[in-house]
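This report describes the surroundings of two ligands. Please look at the sequence and the structure first.

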Amino acid sequence: MVSPSLADSARPAWTPGEAAAIYAQPFNDLLFHAHSVHRRHFDPNKVQKSRLLSVKTGGCPEDCGYCSQSAHHASGVRATQLMALEAVLGEARRARDGGATRYCLGAAWREPRERDMDAVCAMIEGVKALGLETCATLGMLSGEQARRLKRAGLDYYNHNIDTSPGHYVRIVSTRSFEDRLRTLERVREAGIALCCGGIVGMGETAEDRIGMLVVLANFPEPPESVPINMLVPIEGTPLASQPPLDSIEFVRTVALARILMPRSLVRLSAGRTRMSDELQALCFFAGANSIFVGERLLTAGNPQPGADEALLDRLGIGGLPAPGPTG
Ligand code: SAM
Ligand code: DTB
Ligand code: SF4
């Protein structure tokens, strides 16, 4: 078995071979390893809770094969205008009162236009003023746009690499993996924390899942938040009939994320409605310590708040408080 202490040094540059050896450990060894790393850096009985709001849904010019909001797919999702500020702040207040500590604004754009920036910055200022951590996911950004978002009070920017560089080209054709990396660099340079992960269950190999996590772990600074989404198959998209990923492979992916990125929040993201309580419990043991709460993600469903509360209660898991303003 790979020693947890080796796997847990300050800033290792992981090779795909090392990561693959960890991923392939006997399951009990892998779980013990990941949980040991987890306990060293976090209270294992706390999860951070984020809530999403789709402030501009559908009609997106990108062709991401998994997404309900791409104009290229007949998913039946109706394109909307950007939401009004007051409506967004009303939703954010409800999320805060329901226990969320981070609020994430999602927009189905390739990139924001200048006039969208004014409106989104006002939303970020308003959400921040409610005492919530702020996050946004708006597509590609220029350096100036990233700096503007930072000035408006943006704590995190979500921009996923989605899968390995090799598999990416089979999933999206309207932008490249390098485009994603460029935006991530601009976000970092602007001093915004990164929320960056991917999706599993898109027909990728274990090597692709490992490769994706190695890319993230080897960023100059790994992302502060790493969302691991299980594909939500959407009718009308190219990935609609993708068979579900084996649950044990999924837990292995979560465990590897925890080991390669010991200090990051690892979020059990999309796809929880199709996961049993036991599978989610295993993921929390393997090092997942963040979830999306609320009955809706962007367009897809999420577990009912009552069901989530009951599960966390049964597991003796509490909420992680917001760490306070990041400045
Ligand atoms: N348009 C922006 C972008 O692509 O960066 C922001 C919104 S996009 C919906 C945010 C992320 O949600 C995607 O990068 C992808 O990882 C995840 N996602 C989208 N559709 C999904 C699905 N059907 N199942 C799982 N994850 C999904
Ligand atoms: C992330 O990694 N997952 C969230 C958030 N970042 C923006 C989105 C999940 C979307 C699931 C499909 C939907 O709701 O349409
Ligand atoms: Fe557009 Fe984002 Fe969906 Fe891709 S994932 S189609 S960029 S909303």
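## Basis

A residue counts as near a molecule if one of its heavy atoms lies within 4 Å of it. The model is predicted, local features need pLDDT of at least 70, side-chain atom pairs count only at pLDDT 80 or more, and totals for chains, interfaces and linings use all residues. Residues are numbered from 1 along each chain as its sequence is written, chains are lettered from A and ligands numbered from 1 in the order in which they are written, and side-chain values use heavy atoms, with hydrogens and water left out.

## Ligand 3

Around ligand 3 are C60, E62, C64, Y66, C67, S70, A108 and R175. By class, this shell holds five nonpolar residues, one polar and two charged. Here Ala, Val, Leu, Ile, Met, Phe, Trp, Tyr, Cys and Pro count as nonpolar, Asp, Glu, Lys and Arg as charged, and the others, Gly among them, as polar.

## Ligand 2

Ligand 2 is surrounded by 13 residues, and the closest are N160, N229, L298, T299 and A300. Its shell has seven nonpolar and six polar residues, but no charged ones.

Several polar contacts (pairs of N or O atoms within 3.5 Å) can be listed. A side-chain N or O atom of N160 is 2.8 Å from an oxygen atom of ligand 2. For L298, a backbone N or O atom lies 2.8 Å from a ligand 2 oxygen. A polar backbone atom of A300 is also 2.8 Å from an oxygen atom of ligand 2. On its own, ligand 2 has 400 Å² of accessible area (Shrake-Rupley method, 1.4 Å probe), and the protein covers 88% of this area.

Conventions. Polar contact = N/O pair within 3.5 Å; in protein donor to acceptor, adjacent residues only side chain to side chain.
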